Amino acid sequence: MKIFVLVKEVPDTYGDRKLDLETGLADRGAGDVVLDEITERALEVALSHADKNEGTEVVALAMAPGGSTASVRRALAIGAGSAVHIADEQLAGADLGLTAETLAAAIRRAEPDLVITGNLSTDGSGGVMAAMLAEHLGWAQATALTSVEITPEGIAGTRGADAGAQPISASLPAVISITEALPDARFPNFKGIMAAKKKPLEVLTLDDLGVSADPAAAPRTIMTAVAEKPPRAAGVKIVDEGDAAEKLVEYLVQNRLV
């Protein structure tokens, strides 16, 4: 079985994250960048299956700037057997549509049995990539899983719901996304870090994948404006002078909270 895992480089969640007010893109020069934790958990799902099933091939797939090799290598150090890095200047600022089309082309090219993603990245927070990939590929999808079981025939899992848990199953090939309910990724040890330097890492461009970023060929999302988040305003303070309850009710009514 061949499993592709989408891994994504994001600004460190423990640092300050800012938007470039000219481009509307995340300012990746403002701090450290790391592999998104949810994609590391997705990688752990694939590796846990590979540990128990000899012959399973785990491939990390990333769409990131050319300077993101270290982050892709981290996926190899954690345990992926090989990696595919899509790096093309035309992809700077790519929206979800172009991103999904590009990733789907890379997946289609390699013909894996299963694609695993995180349910929500910490930078864009789109939450729709798994569904978009499944649509491009014409595969089954199972999203926001809190548990996963992989077999040669398909996948089974559970999705959390307001009233309980919803059982999900699908035949292969399929695209699934997982939530933070799944276990943390294993930590790369020294042996893994050294081995990562010798593992195959294929770098692809849009030309290699036959994908066009030209908005004239396929309309893309258009940003019309971006502004810095306004400072937080001071709250309303109610001083109890015997009429605090009346003032509170009046405030709630004025703000349509009751």
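In helix 3 of this predicted model, the buried residues are L98, T99, A100, T102, L103, A104, A105, A106 and I107. Helix 3 covers residues 96-110, 15 residues in total. E111 follows helix 3. The phi of E111 is positive, near 55 degrees.

The chain as a whole contains 7 helices and 11 strands. Of its 258 residues, 37% are buried. The C-alpha trace spans about 75 × 45 × 40 Å along the principal axes. Contacts were also sorted by sequence separation. Among those between residues at least 6 apart in sequence, 71% join residues at least 24 apart. The accessible surface amounts to about 15,000 Å². Carbon and sulfur atoms account for 51% of that surface.

Charged side chains were then examined. The chain carries 23 positive and 37 negative side chains. The centres of the two sets are 4 Å apart. In total, the structure holds 7 salt bridges.

R41 takes part in two of the pairs described here. With E37, the closest N and O atoms are 2.7 Å apart. Both residues belong to helix 1 (residues 37-52). They are 4 residues apart, which means a separation of about one helical turn. An α-helix has 3.6 residues a turn, so residues three or four places apart point the same way. R41 has 9% relative accessibility, under the 20% limit, and so counts as buried.

The other partner of R41 is D184, with closest N and O atoms 2.6 Å apart. This pair links distant parts of the chain. D184 lies in the loop between strand 10 (174-178) and helix 5 (190-196), whereas R41 lies in helix 1. The two residues are 143 residues apart.

A further salt bridge joins the side chains of D243 and K247, at 3.7 Å from N to O. Both residues are partly exposed: D243 has a relative accessible area of 25%, and K247 has one of 30%. Through shared partners, salt bridges join E37, R41 and D184 into one network.

Note on methods:
Residues are numbered from 1 along each chain as its sequence is written. This is a predicted model: local features need pLDDT of at least 70, side-chain atom pairs count only at pLDDT 80 or more; totals for chains, interfaces and linings use all residues. Side-chain values use heavy atoms; hydrogens and water are left out. The expected span of a helix is 1.5 Å times one less than its number of residues. Buried means under 20% relative accessible area, exposed over 50%, partly exposed in between (1.4 Å probe, protein chains only). Contact means heavy atoms within 4.5 Å. Accessible areas come from the Shrake-Rupley method with a 1.4 Å probe; for residues, only the protein chains shown count as cover. Lys and Arg count as positive and Asp and Glu as negative; His and the chain ends are not counted. The place of a charge is taken as NZ of Lys, CZ of Arg, CG of Asp or CD of Glu. A salt bridge is a side-chain nitrogen of Lys or Arg within 4 Å of a carboxyl oxygen of Asp or Glu.
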